[in-house]
There are 2 protein chains.
Amino acid sequence: MSEMSGMSGVSDLRARAAALDAADALRPVRDRFTLPDGVVYLDGNSLGALPAHVPGRITDVIGRQWGELGIRSWTESGWWEAPERIGDRIAPLVGAGPGRIVVGDSTSVNVFKAVVGAVRLAGAGRTEILVDATTFPTDGYIAASAARLTGCTPVPVDPADAESFRAALGPRTAAVLLNHADYRSGRLHDLPALTAAARAAGALTVWDLCHSAGALPVGLDAHGVDLAVGCTYKYLNGGPGAPAFLYVAERHQAAFDSPLPGWNSHAEPFAMEPEYAAVAGIRRGRVGTPDILSMLALEAALDVWDGVGIEAVRAKSLALTDFFLECTAAYAGLDGRPLTLLTPERHEERGSQIALGCAGSATAVMERLIARGVVGDLRRPDVLRFGFTPLYTGFADVERAAAVLAEVLVEVGAGAPVEPGSR
Amino acid sequence: MSEMSGMSGVSDLRARAAALDAADALRPVRDRFTLPDGVVYLDGNSLGALPAHVPGRITDVIGRQWGELGIRSWTESGWWEAPERIGDRIAPLVGAGPGRIVVGDSTSVNVFKAVVGAVRLAGAGRTEILVDATTFPTDGYIAASAARLTGCTPVPVDPADAESFRAALGPRTAAVLLNHADYRSGRLHDLPALTAAARAAGALTVWDLCHSAGALPVGLDAHGVDLAVGCTYKYLNGGPGAPAFLYVAERHQAAFDSPLPGWNSHAEPFAMEPEYAAVAGIRRGRVGTPDILSMLALEAALDVWDGVGIEAVRAKSLALTDFFLECTAAYAGLDGRPLTLLTPERHEERGSQIALGCAGSATAVMERLIARGVVGDLRRPDVLRFGFTPLYTGFADVERAAAVLAEVLVEVGAGAPVEPGSR
């Protein structure tokens, strides 16, 4: 195949990208973000980009609300209600009704509340906690601690293998802690079926939505999920280390028994009573004083969702990852020389990221990619991770990322140009 | 006594205030804060005032570190090390060496880590947790939860009564959770003696420093405290809901066994290992991803301490509260008609706040005080709380607060002008 036809293949994909961008109804949402010049940012699954109006909002929060109003802002600026108010903003993105999500603390702390809470809701006699064996490690560490403190045993399970998962469930199963999308491979697990299987066994589900909240529909209420946690600094763009969230299904709220019953979850927090009495509703998931600066940065960041539906985001996410696979296959190959696709190709098994195995040269490749303005990240030892945030990522970005990836692979001696049309 | 001599009494105290301010070596530190015009801010024990340079620093954190550098800021902007770096900034204010304080999470979450950690350090066979009966309630709630999860029993104690405190200690005592300064009365407890008594009984101490960190010397290392927690939004001016801190004495760090072993406390956090292995040192007190915006606002806020010693702050604090008592006695009386002094007069028993009982009219009095620019707060049903932050409170502020308080008491029909010199 001649060099010219190779160029023509690139031109074809570039033209396709331009057409896809022109037809993209979400394209104008990109202008709601401040993106670094000349960068293709494919790391929104690690740290979401900065919404353009966040700096101005935080200037007001610090200068006026804190600096001028001071303590009065707890009532006058709505600081006190922020955790549930912001929870209600996240709720439609994950299919939850109002009053079911509270924002605050880290994901790890919320996993602890949720797992201990689930074990207590499951009742006596159930002493096993099934834990996604390929989970982001903090979930496993925290689940092990929750098990130790509640007299339970953690049992690893593979949510991608429905048969073994069902076999692990039984009358001793108290709770099941699963990831909706795997942080490493990008595999999307079957939340409706796994939740139903756990429920049929009398166990409660705790879903970790870190890699799905804001990327795709979750349907927490519709699928009867019991508890869920998620982070807000990935696809929800809340900023570095932004507070996480906790979902408790309405049917469980009255009996939810938090292992972290801080004063903010008391029925009468300002009565300063020596005996604890849990408040009704989702505020019961709070612990201490909410972290206002980070919380209100997140609230401002959620404005980028005005008029944006999560179904449209999901459709664009799949189109972006499909196109990335197409471009990468054309430019660099996905046949293991050296790139291997780790993310499932089936849409129903794919989150909003693509993970590529790149044995032996992943570190060098990612360093060069970042140096050339294509920002993904690395999961050691050899996984290149690319997250696709439909709110600010376009198809031309995707084509450029694949093209630069192919060039970099050649530079590091790990790849050879692939002739378009040869696969 | 004639009206004229009454006026002259006021003039005397005003002249005294002016002289005290003129002689105050900490006076220039006030300019490091943005204080609302015309306000006497005596609520720094609830929410510290805004350090003037915080807004500019956070603009840079959001716009450049997050917006431009993005994920690279975890290394390039020092985000990753922030919890221990900022802990080391707080350390000298509470008498801790470097590497003993980690910042993050809320006070309540840190109380949980510390109390469960203390019970585990105490070893098997010790099953009682002594808890300050007049504590800020979250400490009691969390201690009760920690007791429930570790098979212990919480036992109330009165740290102001050394004899009964010693009597409560015994071979079953695992841990003792105490407040350094009582949030309501402002009473300062005898940290060295109570710590020594607990140690003599083989129990570990957990001190809550919320109302002493940044207000007076604590001497954690010198007095052999085992664990401590504190908040940073009061006398450390970190902003609303700013992250709290955890102190673990160096001798306990290797055995400290956190009930919240999140991935940030793993020895190799980025290896994403399925098995937990605790890191050495104080980073073991971390849980999840640190809340960077709030964390770096706190770091900026700590710059106001440059060149300021905690001993000088304590000396001024006592001078301020002494002068407030003198002015209040002169202008409004402290004889129960209606004001009653709840804070101990002895310096060694006094924190940095004055609590005044005001039966029947406290709510109305505080509302009017705030409306007239004297900002304290209310602890229901009948306590007026005034916090004195030496970094930005002057003696003229104190005199004005007492004068307005006396006027307001007359307005609400609760007080009568006191003739100067009559007490």
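What area do domain 1 of chain A and domain 2 of chain A bury between them, and how much of it is on carbon and sulfur atoms? The views below answer this question and describe the contact between the chains. This is a predicted model, in which local features need pLDDT of at least 70 and side-chain atom pairs count only at pLDDT 80 or more, while totals for chains, interfaces and linings use all residues. Residues are numbered from 1 along each chain as its sequence is written, chains are lettered from A and ligands numbered from 1 in the order in which they are written, and side-chain values use heavy atoms, with hydrogens and water left out.

**View 1. The two domains of chain A.** Chain A is divided into domain 1 (3-34 + 309-411) and domain 2 (55-305), with bounds that come from an automatic or database domain assignment. Their C-alpha centres lie 31 Å apart. The contact (heavy atoms within 4.5 Å) takes 29 residues from domain 1 of chain A and 18 residues from domain 2 of chain A. Together the two domains bury about 1900 Å², 58% of it on carbon and sulfur atoms; buried area is the accessible area (1.4 Å probe) that two parts lose on being put together, summed over both.

View 2. One salt bridge is counted between domain 1 and domain 2 of chain A, a salt bridge being a side-chain nitrogen of Lys or Arg within 4 Å of a carboxyl oxygen of Asp or Glu. The partners are A:Glu349 and A:Arg187, whose closest N and O atoms are 3.4 Å apart. On the side of domain 1 that touches domain 2, α11 (310-331), β12 (353-358) and β15 (383-387) of chain A each give two or more residues. Helices (H or I, at least four residues) and strands (E, at least two) are DSSP runs, numbered from the N terminus. The largest share, five residues, comes from α11(A).

**View 3. The interface of chain A and chain B.** Each chain brings residues to the contact: 73 from chain A and 73 from chain B. The area buried between the chains is about 5600 Å², of which carbon and sulfur atoms give 67%. Two salt bridges are counted here; in a salt bridge between A:Arg148 and B:Asp257, the N to O distance is 2.6 Å. The interface also holds 19 residue pairs in polar contact, both at pLDDT 80 or more. Of the elements of chain A, α2(A) gives the most to the side that touches chain B, with nine residues.

**View 4. The relation of the two chains.** The same surface serves both copies, as 100% of the contact residues of chain A recur in chain B.

**View 5. Two cis peptide bonds in chain A.** The bond from A:Arg337 to A:Pro338 is cis, with omega near -5°. A:Pro338 is found in the loop between α11 and β11 (339-341) of chain A. Another cis peptide bond joins A:Arg380 and A:Pro381, with omega about 0°.

Terms used
Polar contact = N/O pair within 3.5 Å; in protein donor to acceptor, adjacent residues only side chain to side chain.
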